[in-house]
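This report describes a single protein chain for a reader who is new to structural description. Please look at the sequence and the model before reading on.

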Amino acid sequence: RVSAEPMVTLTSIARLDDRATGTQTGTINEPTVGCSSKALLVAGNWYASWSPDFGSTWQVLDPFTQFPPTAAGFCCDQVVTYVPSARLWIWFLQYSEDARGENIIRLAVSRTGGRGPWRWWDVRPTDLSSSWRGTWFDYPDLQVSDSHLWLSLNLFAGERWQRSVVIRYPLAELSRAQPATRRHWSTTTVGSLRFVAGAGDAMWFAGTLVGRSVLKLFRWDGSEDSVQ
């Protein structure tokens, strides 16, 4: 039976004008948002903005200057979210490729959001495998399960896709701002992996087989190091 009741009700519309984004938007926007009570953290390609009052006012958080410079500088892609169970703001940033054809990703966390304080961890492809020299991360996705934060990325050499990578962090360690125990897994047969929302202890993610119209589903239990 189909219900006549609407599934989503709009109660207000919060607009980001040029002052809110610092005029750093582009035609390729790819927006993402985190929300806790009245607070909003919004980011897209090249900009980020914070509102403490449901979008009535906005404060520019310039991703080019919010954090200390590293590698070849901030590039573009960002993903933000709020994790209620850990009371933690998450801010992912992608940086540009350097002369070696490599880049870094930066994962930042904060208890308060806004201008922080923030603590962050940087990852270069060779931090995951010494054989991944001359490659760079792109096309990020981010989700949380009961006990972990999960990142997925594509890895390229120049413009040529090499593999997809999933990185897992314990939320408890991120919350305590400890050196995070990172685990990762990769595949050279399935591209552009995407996570489910609302995962329990195990994370489910899927992508299409390279060169084929076949969707492959994976499961990674939070207490295991192997992917099924």
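## Surface and burial

The chain exposes about 11900 Å², and carbon and sulfur atoms supply 50% of that area. Accessible areas come from the Shrake-Rupley method with a 1.4 Å probe, and for residues only the protein chains shown count as cover. The model is predicted: local features need pLDDT of at least 70 and side-chain atom pairs count only at pLDDT 80 or more, while totals for chains, interfaces and linings use all residues. Residues are numbered from 1 along each chain as its sequence is written, and side-chain values use heavy atoms, with hydrogens and water left out.

Of the 228 residues of the chain, 50% count as buried. Buried means under 20% relative accessible area, exposed means over 50%, and partly exposed lies in between (1.4 Å probe, protein chains only).

## Overall fold

The chain has three helices and 15 strands. These are DSSP runs numbered from the N terminus: helices are H or I with at least four residues, and strands are E with at least two. The radius of gyration of the chain is 18 Å, close to the 17 Å that the globule rule gives for 228 residues, so the chain is as compact as a globular protein of that length. This radius is taken over C-alpha atoms, and the globule rule is 2.2 Å times the number of residues to the power 0.38.

## Aromatic pairs

Rings of Phe, Tyr and Trp (its six-membered ring) pair if their centres lie within 6.5 Å; planes under 30 degrees apart count as stacked, over 60 as edge-to-face and the rest as tilted. By this rule there are 14 aromatic pairs. One of them joins Phe67 and Trp118 edge-to-face, at 6.3 Å centre to centre with 80° between the planes. Phe67 lies in the loop between β4 (59–60) and β5 (74–83) and Trp118 in the loop between β7 (105–110) and β8 (119–123), so the pair ties together parts that are 51 residues apart in sequence. Both Phe67 and Trp118 are buried. Ring pairs also link Phe67, Trp91, Trp118 and Trp120 into a cluster.

## The disulfide

How many disulfides does a search of the whole structure find? The search finds one, where a disulfide is a pair of cysteine sulfur atoms within 2.5 Å. It is formed by Cys75 and Cys76, with their sulfur atoms 2.3 Å apart. The link of Cys75 and Cys76 is right-handed, with 75° about the S-S bond, and both cysteines are buried.
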